[in-house]
Amino acid sequence: MSLLQIRNLRVEFDTAAGPFRALDGVDYTVEAGEVLAIVGESGSGKSVAMLAMMGLLPDSATVTADEMSFEGVDLRSLSTAQRRKVIGKDISMIFQEPIASLNPCFTVGFQLLETLKAHTDLNRRQRRDRVIELLTAVGIPEPERRVNAFPHQMSGGQCQRVMIAIATACHPKLLIADEPTTALDVTIQKQILDLLTGLQRDHGMGLIMITHDMGVVAETADRVVVQYQGKQMETADVLTLFEAPEHPYTRALLSALPENATGDRLPTVSDYTEAFASEQTEART
Ligand SMILES: Nc1ncnc2c1ncn2[C@@H]1O[C@H](COP(=O)(O)OP(=O)(O)OP(=O)(O)O)[C@@H](O)[C@H]1O
């Protein structure tokens, strides 16, 4: 039994301009302890897919799927409240903007304590110790002092470490990281990726890494789903994808990597996909 199994997921938004299909029949499988990267350019439906699974899309969204199960539990059969209970305990998510994700009015220690209070039976003393342990585990220096810092007193990288501490505080079985390094300085990006993959390995968590960056995919993933305009283009294990990409869109993404540049100008995905893109647009209208 897979940790997460989603088949033929479709999401349509009711918009002022009429219905808009954001996702059109995508499949995701994540095994326990596996890292799945969902890659695709902005608007390809990466975030919508995860929000749909967690029941967090607004009422304007219609979500359908042939299967949507977590550890064998059919998420479609649960009420929103029941789904949040399953998901709140076993699935955590971190977002692109760490500073915006933390509450600016409370210290980082308080925000960690609140998470532990909501999801564990630890007493006050144990929670305090666990907060220090978590901040140490994510590499915050002088955790006894930093526990009293407000988010604005920390760097973007430190705030993302705190977000990772909050997200992993209750030992989730699946962690979803939505562009976790995009807002960070390049030098910090690698440290955050190493932290995430280290925690993932140590705790045997499933990890879904949402990204548009093939470098992040190469660095972290076991398997990859490539999306374009709400459709799934290709699914492969990471080595196969880099060595023998099957779909023209995947080849375009790989060709646009700086290390694959051959001429004076860095190619872009659109250099390869104009014909393909108009084909997709026609199919959607
Ligand atoms: N509430 C909404 N109402 C209408 N359309 C929406 C809504 N939320 C998302 N969309 C649309 O769904 C499509 C997919 O969005 P999504 O945020 O999943 O893209 P993404 O691949 O995660 O992009 P990014 O990397 O920029 O976050 C986009 O065209 C977006 O505009």
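Reader: Where in the chain is the place of Glu71?

Author: In this predicted model, Glu71 is in the loop between strand E5 (67-70) and strand E6 (73-74).

Reader: What makes Glu71 partly exposed?

Author: A residue is buried if 20 or more other C-beta atoms lie within 10 Å of its own, and exposed if 12 or fewer do. Glu71 has 14 other C-beta atoms within 10 Å, so it is partly exposed. The backbone of Glu71 also has a positive phi of about 50°, although Glu71 is not a glycine.

Reader: What is the value of phi of Asn8, and in which element is Asn8 placed?

Author: Phi of Asn8 is near 55°, a positive value in a residue other than glycine. Asn8 belongs to strand E1.

Reader: How do you know that Asn8 is partly exposed?

Author: The count for Asn8 is 14 other C-beta atoms within 10 Å. Buried requires 20 or more and exposed requires 12 or fewer, so Asn8 is partly exposed.

Reader: Which residues come nearest to the ligand?

Author: Phe13, Ala22, Ser42, Ser47 and Val48 come nearest, out of the 15 residues around the ligand. At least two residues of this shell come from each of E1, strand E2 (18-30) and helix H1 (46-54). H1 gives the most, with three residues.

Reader: How many residues of the shell around the ligand are nonpolar, polar and charged?

Author: The shell around the ligand divides into five nonpolar, nine polar and one charged.

Reader: How do you know that the span of helix H5 agrees with what its residues should give?

Author: Helix H5 (residues 124-137) has 14 residues, which at 1.5 Å a residue should span 20 Å. The end C-alpha atoms of H5 are 20 Å apart, so the two values agree.

Reader: Which residues of H5 are buried?

Author: Val131, Leu134 and Leu135 are the buried residues in H5. They cover an arc of only 95° around the axis, and therefore lie on the same side of H5. On the other side of H5, Arg125, Gln126, Asp129 and Glu133 are exposed. The buried residues of H5 pack against helix H4 (108-119), helix H6 (143-146) and helix H7 (156-168). Just after H5, Gly139 takes a positive phi of about 80°.

Reader: Why is H7 called mostly covered?

Author: Eleven of the 13 residues of H7 are buried. Among them are Cys159, Val162, Met163, Ile164 and Ile166. Arg161 also belongs to this buried group. The buried residues of H7 pack against strand E7 (91-94), helix H3 (98-101), H4, H5, E8 and helix H8 (186-203). From its first C-alpha to its last, H7 reaches 18 Å, close to the 18 Å expected.

Reader: Which residues are buried in helix H11?

Author: In helix H11 (residues 248-255), Tyr249, Thr250, Ala252 and Leu253 are buried. They cover an arc of only 160° around the axis, which puts them on the same side of H11.

Reader: What makes Thr211 buried?

Author: Thr211 has 24 other C-beta atoms within 10 Å. The cut-off for buried is 20 or more, so Thr211 is buried. Thr211 is found in strand E9 (residues 206-211). Not counting residues up to four places away in sequence, Thr211 touches Ala37, Val39, Glu179, Val216 and Val217.

Reader: Is His171 called buried, exposed or partly exposed, and how do you know?

Author: His171 has 13 other C-beta atoms within 10 Å. Exposed requires 12 or fewer and buried requires 20 or more, so His171 is partly exposed. His171 lies in the loop between H7 and strand E8 (174-178).

Reader: What makes Phe110 partly exposed?

Author: Phe110, in helix H4, has 15 other C-beta atoms within 10 Å.

How values were computed. Residues are numbered from 1 along each chain as its sequence is written. This is a predicted model: local features need pLDDT of at least 70, side-chain atom pairs count only at pLDDT 80 or more; totals for chains, interfaces and linings use all residues. A residue is near a molecule or strand if its C-beta atom, placed from the backbone, lies within 6 Å of it. Helices (H or I, at least four residues) and strands (E, at least two) are DSSP runs, numbered from the N terminus. Ala, Val, Leu, Ile, Met, Phe, Trp, Tyr, Cys and Pro count as nonpolar, Asp, Glu, Lys and Arg as charged, and the others, Gly among them, as polar. The expected span of a helix is 1.5 Å times one less than its number of residues. The arc is that of the directions from the helix axis to the C-beta atoms. Two residues are in contact if their C-beta atoms, placed from the backbone, lie within 7 Å.
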